[in-house]
Amino acid sequence: NSKSLARLFRKMTRMCLSIGRMSARSLMAGSRARRMGTGSPLNIVAHDLKKPIQDMPPEGGYPKITVANENVSRGPPGWALWLGAVVTISFGYYQVGMGNRQRNAAKREKRCARLSFAPYLQAEEDVRYHAHLTSKIEDEAKIMNGVKGWKVGESVYNNRDHWIPPTPLLHPRLDAQAKF
């Protein structure tokens, strides 16, 4: 067993010396560690390795590499971009303000038209209410004709302090819907 190990060691020594990477001493340290059962089969020490040969530039150096063309325009300067943004945003806010003014003027006109038209609508409602109240009193007079002490048109409720508008069910549109 030890003879085969010695043969393997000699063979590895020849191989490593022919490559030129290790000294015999580092191989001996590796074989000792292997015999003791610790470490890797070849403990390579950094100072035992040969210094690698580094590639060097050619005589006179490498040719200069042009990364960017100096004559290419990179666009407008920063202050011009900022000025353009400020002008654009200002114009947009101006347009929003003008749109708000136009919309408010249209709302104001619509509100004035409704307010000016309201008395005519109220007059129509008053005429309709008076006609309904008159027909209601006539119907009440017919129905309560024979009842003693009944006053036609007088309210049965004690609400003389304030006026209560008629119920919404008396509206002509709702009356027309109720008939169907």
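Figure 1. K11 is found in helix 1, which spans residues 2–19; helices (H or I, at least four residues) and strands (E, at least two) are DSSP runs, numbered from the N terminus. This is a predicted model, in which local features need pLDDT of at least 70 and side-chain atom pairs count only at pLDDT 80 or more, whereas totals for chains, interfaces and linings use all residues. Residues are numbered from 1 along each chain as its sequence is written, and side-chain values use heavy atoms, with hydrogens and water left out. With a relative accessible area of 53%, K11 is exposed (buried means under 20% relative accessible area, exposed over 50%, partly exposed in between, with a 1.4 Å probe and protein chains only). Together with K3, R7, R10 and R14, K11 forms a positive surface patch. Patches are made of residues with over 30% relative accessible area and no salt bridge, with like charges joined within 9 Å and nonpolar side chains (Val, Leu, Ile, Met, Phe, Trp, Tyr) within 5 Å. Lys and Arg count as positive.

**Figure 2. The salt bridge between R128 and E125.** The side chains of R128 and E125 meet at 2.8 Å, N to O, in a salt bridge (a side-chain nitrogen of Lys or Arg within 4 Å of a carboxyl oxygen of Asp or Glu). A search of the whole structure finds 1 such bridge. The two residues, R128 and E125, are 3 residues apart in helix 3 and therefore separated by about one helical turn. R128 is buried, at 19% relative accessible area, while E125 is partly exposed, at 25%.

**Figure 3. The aromatic pair of F117 and Y120.** The rings of Phe, Tyr and Trp (its six-membered ring) pair if their centres lie within 6.5 Å; planes under 30 degrees apart count as stacked, over 60 as edge-to-face and the rest as tilted. By this rule the count is 1 aromatic pair. F117 and Y120 form this tilted pair, with 6.2 Å from centre to centre and 50 degrees between the planes. Both residues lie in helix 3, 3 residues apart. F117 is partly exposed, with a relative accessible area of 47%, and Y120 is exposed, with 58%.

**Figure 4. The nonpolar patch around V152.** I137, V147, W150, V152, V156 and Y157 form a nonpolar surface patch with about 560 Å² of accessible area together. V152 lies in the loop between helix 3 (78–143) and helix 4 (172–179). The relative accessible area of V152 is 40%, so V152 counts as partly exposed.

Definitions and conventions
Accessible areas come from the Shrake-Rupley method with a 1.4 Å probe; for residues, only the protein chains shown count as cover. The place of a charge is taken as NZ of Lys, CZ of Arg, CG of Asp or CD of Glu.
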